[in-house]
Amino acid sequence: MRSTDVPRRRIRHRTTAALATLVLPAAALVGLATPSHAAAEASAVTATYAKTQDWGTGFEGKWTIKNSGTTAISSWTVEWDFPSGTKVTSAWDATVTNSADHWTGKNLSWNGSLAPGASVSFGFNGSGPGAPTGCKLNGASCDGGDVPGDAAPSAPGTPTASGITDTSAKISWSAATDDKGVKNYDVLRDGAKVATVTGTSYTDSGLTAGTDYSYTVQARDTADQTGPASGAVKVHTTGGGGTDPGPGTGGTVKMGYFTDWGVYGRQYFPKNLETSGSASKVTHINYAFGNVQNGQCTMGDSYADTDMAYTAANSVSGVADTWDQPLRGAFNQLRQLKAKHPNLKILWSFGGWTWSGGFGQAAQNPAAFADSCYKLVEDPRWADVFDGIDIDWEYPNACGLSCDTSGQDALKKLTTALRAKFGSSNLVTAAITADASAGGKIEKNDYAGAAQSLDWYNVMTYDFFGAWDAKGPTAPHSPLTSYSGIPQAGFDSADAIAKLKAQGVPASKLLLGIGFYGRGWTGVTQKEPGGTATGPAAGTYEQGIEDYKVLKTKCPSNGTVAGTAYAYCGSDWWSYDTPATIGSKMSWAKSQGLGGAFFWEFSGDTSNGELVTAIDSGLK
């Protein structure tokens, strides 16, 4: 029963990613030193705060001190207040102390001096939900003004949009509060300031028809201190002649997964989606993966997601990241990709083979789970990047890496809660099993009930067979149909789709899955499927698996079984999809009235995206 128990796209190559995170500045224990204040020369020095990670039960914060003046300073001290219940648990690159809820960060011996134009940062891990207020730097305002004790303004209310046309939209919000008074508001479109106004509304013009935008607002007080950003409102301008592809809208979904760990060893960046031509041939991208911990959505790899600095050569825009820009990493690159392809939709996918263990706890309190996911996906720093959420639970009420006993209605509870929280303007989707065997995983869940709250299912019609059965028999890992000699009845795409339809899932909410990789054995003595083997064939990153872009020349296909290509070279036997077999599968998907197709994952394709091209062409 390994066909859907060990999906290739679930096994996360996390080692390199973890090392990349660990090379950030080493943490220092929270110190006990007594704070001291520098002279008032720091009036040209500023301190800004950012929450760089939030994993539900805790968070990572960072203070950045910058000398914008003309005179060097020899030391710095940052003070702030946390609300009761929020605290620092560990810190690095500063001595951090507290008196009740008042916190102080003071430079270490080696990072106190700041020349004009220089900056330095220190970070900490914390617990609790609160944000810092009342910031002072060397006794003065953290914005550089000599106003000790003046708290920054609160966040304005989440804006609403009205009067949307092809080229303009009116944004309105409720007022922020401040102890000394609010002076004006900065209006940010897609993270960049477009206006400063004194009222609580703004009409933005000069927009592009048929395009998505995201707006947030920040208040400024009389000392010119800026407060936290409001929540984000999404706007889609009218006109443009485009459609929002997806089931029920007359469009066909062509969706691919982009992995956050691919930027390490594979060196596959969002820019590759552009240079390969793939970004213009898909309608949706699933960004994988966010984690599920303690029943909540949490960030998967914050360094790759939001902090990794891109060079000009690796950037979608061709412009290098700077140290002080609000958002870096893949999220910022995906934002640049969407700017080039305004109709492209991106979803943040949570779970996967390795990180599905938290879904069982999530099912115990679906509303709390949905709320945590919404707050993370719709974080104002990247709300414009994402158009919804995908959950990949492997597997509800069945066994994957671990076994779940949440009950047949567990997935339905989660999808219902997610739809209620994310609303009708966001996409909500789920990746699900393709195990159509008697008594198998499809039968263990109410997929028809859960589908009522979803835009579509990604049916994982691959990894049915592989070298986890080291001695074989050899079999295609993604058979479209059953065939004489198939090792397990019900382990094929046609049977999976048929069983889901019989449950009551609409065909338009089912996407056919394609793997951009092959699975193989070695020690095989016959070309035809069904042969014995001695173990998994060698692979670049993992035994028994290899990218299509490698296999097409390393072991070219020389046969087809059940709609999938296979190759016998030397003593190795591989199965994988080619442009030709993908074309046939797309024709079948159209004949079944399916909502489209998806694939795992972009980096397995050739540099010119020939498999993506085959999906695009086959679904037209």
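Trainee: What makes Cys555 count as buried?
Mentor: Buried means under 20% relative accessible area, exposed means over 50%, and partly exposed lies in between (1.4 Å probe, protein chains only). Cys555 has 1% relative accessibility, so Cys555 counts as buried. Keep in mind that this is a predicted model, where local features need pLDDT of at least 70, side-chain atom pairs count only at pLDDT 80 or more, and totals for chains, interfaces and linings use all residues. Residues are numbered from 1 along each chain as its sequence is written, and side-chain values use heavy atoms, with hydrogens and water left out.

Trainee: And what does Cys569 count as?
Mentor: Its relative accessible area is 25%, so Cys569 is partly exposed.

Trainee: How do you know that Cys555 and Cys569 form a disulfide?
Mentor: A disulfide is a pair of cysteine sulfur atoms within 2.5 Å. The sulfurs of Cys555 and Cys569 are 1.9 Å apart, and a disulfide joins the two. The torsion about their S-S bond is about -120°, so this disulfide is left-handed.

Trainee: How many disulfides does this rule give?
Mentor: The count comes to 4. With bonded cysteines counted along the chain, the pattern is 1-2, 3-4, 5-6, 7-8.

Trainee: What makes Cys135 and Cys142 one of these pairs?
Mentor: Their S to S distance is 1.7 Å, and a disulfide joins them. The torsion about the S-S bond is about -70°, so the link is left-handed. Cys135 has 13% relative accessibility and therefore counts as buried. Cys142, at 3%, counts as buried too.

Trainee: Is Cys403 buried or exposed?
Mentor: Cys403 has 57% relative accessibility, so it counts as exposed. Cys399, at 34%, counts as partly exposed. The sulfur atoms of Cys399 and Cys403 are 1.9 Å apart, and the two form a disulfide. With 110° about the S-S bond, that link is right-handed.

Trainee: Why is α4 called largely enclosed?
Mentor: Helices (H or I, at least four residues) and strands (E, at least two) are DSSP runs, numbered from the N terminus. In α4, 10 of the 12 residues are buried, so the rest of the structure largely encloses this helix. Among the buried ones are Phe331, Leu334 and Leu337. What covers them includes α2 (270-275) and β20 (345-351).

Notes. Contact = heavy atoms within 4.5 Å.
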